[in-house]
Amino acid sequence: MKYYVVDAFADRVFEGNPAGVLVTDAPLPDGLMQRIAIENNLSETAFAVPEGDDYRLRWFTPGGEIDLCGHATLATAFVIANFREPGAETIRFRTLSGELVVRRLGELYEMNFPSRMPAVHPFAAPMADALGITPLETYLGRDLMFVLESEADVANLSPDFAKLAALPDGLGALVTAPSAGGKPYDFVSRCFFPKLKVPEDPVCGSAHCSFVPYWSERLGKRKLTARQVSARGGTLYCEDLGERVSISGRAVLYATAELHVGVD
């Protein structure tokens, strides 16, 4: 099977978030997809299968399947548009989060995702103990979302991953703050998923389904430029569309390979 590794939300290799991508003619068994994801040891491996004019898309972390992944969706669209259907401008995916549409706009890939404004959530002392800092605000959607005072607080954060994994609420832990300079970025973030055996996700597109409506409301603007300030870093161009959000980024091919695995 042809296998690709694509750096998503990246302008060059070794930036953004690497995702494994396999586009196969027939579905693979769930157990095999999970084993491939564990072997790859990336935050996500995406598996796409043609269904009519669309594709069925699933995402697996080393710790299990996930319901939504932005960077691996971008990476899959990149592979399809450059290798499977060269020149394709619109790609539709059928996923656990419904239909996701990706449009190619020059070097950018624009993804239309569901908006997931998190709800205000009670703060508890174990959260600060796990993060190593007391947040200004706490929210809960699929993930716990913590608003910190400054970009420096986000960049310098050194959480205790075991304690984050022990928190009863949320799949992941997201931290965000306004950008220090205000330009060219509106806000910054980092994302942690130790419950999925992904200590830090370098650039997390699905987290921006929560970040975008929050910052759009707080800053009073629909179009936002975001920067994930992980060690690799990545830039996302976002827009609040009401019930949906638009998340765009670039992608760079890192590697292609042949996987020699049996199908059982």
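Which residues in helix α1 (residues 30–40) are buried? That is where this set of close-ups of a predicted model starts.

**View 1. Helix α1 and the strands it packs against.** Leu32, Met33, Gln34, Ile36, Ala37 and Asn40 are the buried residues of this helix. Their packing partners are strands: β1 (2–8), β2 (17–23), β3 (45–51), β4 (54–61) and β5 (64–66). Have a look just past the end of α1 too, where Asn41 takes a positive phi of about 60 degrees.

**View 2. Phe9, a buried residue with a positive phi.** Phe9 sits in the loop between β1 and β2. Most residues other than glycine have a negative phi. Phe9, which isn't a glycine, comes in at a positive phi of about 55 degrees. Its relative accessibility is 2%, so Phe9 counts as buried.

View 3. Like Phe9, Val13 belongs to the loop between β1 and β2. Val13 is partly exposed because its relative accessibility is 31%, between the 20% and 50% cut-offs.

View 4. Nonpolar side chains tend to be buried together in soluble globular proteins.

**View 5. The surroundings of Ile247.** Setting aside neighbours within four places in sequence, Ile247 is in contact with Phe9, Tyr109, Glu110, Met111, Phe113, Gly205, His208, Cys209, Leu236 and Tyr237.

**View 6. Gln228, a buried residue in strand β15.** The strand covers residues 223–228. Gln228 has 0% relative accessibility, so it counts as buried. A polar atom of the Gln228 side chain lies 3.2 Å from the backbone oxygen of Asp201. Beyond its neighbours within four places in sequence, Gln228 is in contact with Ser189, Arg190, Cys191, Asp201, Pro202, Val203, Cys204, His208, Gly233, Gly234 and Leu236.

**View 7. Thr235 and its polar contact with Arg227.** Thr235 is in strand β16 (residues 234–240). With a relative accessible area of 10%, Thr235 is buried because the cut-off is 20%. The side chains of Thr235 and Arg227 are joined by a polar contact of 2.7 Å. If you leave out neighbours within four places in sequence, the residues in contact with Thr235 are Phe9, Tyr185, Thr225, Ala226, Arg227, Ser248 and Gly249. For a sense of scale, Thr235 and Ala48 are 187 residues apart in sequence and 25 Å apart in space, C-alpha to C-alpha.

**View 8. Lys197, an exposed residue with a positive phi.** Lys197 lies in the loop between β13 (187–193) and β14 (198–201). Although not a glycine, Lys197 has a positive phi of about 65 degrees. Buried or exposed: which label does Lys197 get? At 61% relative accessibility, Lys197 counts as exposed, whereas Phe9 is buried.

How values were computed: Residues numbered from 1 in each chain as written. Predicted model: local features only at pLDDT ≥ 70, side-chain atom pairs only at ≥ 80, totals over all residues. Heavy atoms only, no water. Buried < 20%, exposed > 50% of the residue type's maximum accessible area, 1.4 Å probe, protein only. Helix = DSSP H or I, 4+ residues; strand = E, 2+ residues; numbered from the N terminus. Contact = heavy atoms within 4.5 Å. Polar contact = N/O pair within 3.5 Å; in protein donor to acceptor, adjacent residues only side chain to side chain.
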